[in-house]
Amino acid sequence: MVTDARPFGKVLPRLRQVTKRRVICAYNAVFDRGVVLGDVRRAGKKPMHLEPEDSWLCLMEAYKDWAGSFRWLRLGGRHRALGDCESARKVLIRMSQGPPRSRRPRPRPATPSPDRVPNRSSWPLP
């Protein structure tokens, strides 16, 4: 899939440019950060702002917390760069729209008017 791609060392300046002073979102930030830093080292370059952990946001952890789950949720991008990127973008958009339906506060039921409350004397006794 990357046979005709430019070498990482040639892509790195552009990667640094588009990520400078930004948080890098990755669905599995620990893994992706490790891959990027490994590629930087193999290219014989300095990682600069790509190295600090606080430069990265793990969407997988954020999505799990947002959904109220105790385990990671599958991304569904078929483990291909473009598919994973598009799926991660959809997750980020979904989270930006507010809490999931299951965690949204439910409206409180209206207090019934006294004339709509049944007379307790008419309730059957146990």
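Me: How many aromatic pairs does the count come to?
Reply: In this predicted model, rings are paired if their centres lie within 6.5 Å. The rings of Tyr63 and Trp66 have their centres 5.7 Å apart, and the count comes to one aromatic pair.

Me: Is the pair of Tyr63 and Trp66 stacked, edge-to-face or tilted?
Reply: A pair of aromatic rings is described by the distance of the centres and the angle of the planes. Planes under 30 degrees apart count as stacked. The planes of Tyr63 and Trp66 stand at 20°, so this pair is stacked.

Me: In which helix do Tyr63 and Trp66 both lie?
Reply: Both residues are buried, and they are three residues apart, about one turn of the helix. An α-helix has 3.6 residues a turn, so residues three or four places apart point the same way. The helix that holds Tyr63 and Trp66 covers residues 59–67 and is H3.

Me: Which element gives the most to the largest nonpolar core?
Reply: This core has 18 residues, and Tyr63 is among those that touch the most other members, as are Tyr27, Leu50, Trp56, Val91 and Met95. Strand E1 (24–26), helix H2 (29–42), strand E2 (56–58), H3 and helix H4 (81–96) each supply at least two residues of the core. With four residues, the element that gives the most is H3.

Me: Against which elements do the buried residues of H3 pack?
Reply: The buried residues of H3 are Leu59, Met60, Tyr63, Lys64 and Trp66. They cover an arc of only 165° around the axis, which puts them on the same side of H3. Leaving aside its neighbours within four places in sequence, Met95 is in contact with Leu59, Ala62, Tyr63 and Trp66. The elements against which the buried residues of H3 pack are E1, E2 and H4.

Key
Residues are numbered from 1 along each chain as its sequence is written. This is a predicted model: local features need pLDDT of at least 70, side-chain atom pairs count only at pLDDT 80 or more; totals for chains, interfaces and linings use all residues. Side-chain values use heavy atoms; hydrogens and water are left out. Rings of Phe, Tyr and Trp (its six-membered ring) pair if their centres lie within 6.5 Å; planes under 30 degrees apart count as stacked, over 60 as edge-to-face and the rest as tilted. Buried means under 20% relative accessible area, exposed over 50%, partly exposed in between (1.4 Å probe, protein chains only). A nonpolar core is a set of buried Ala, Val, Leu, Ile, Met, Phe, Trp, Tyr and Cys residues joined through side-chain atoms within 4.5 Å. Contact means heavy atoms within 4.5 Å. The arc is that of the directions from the helix axis to the C-beta atoms.
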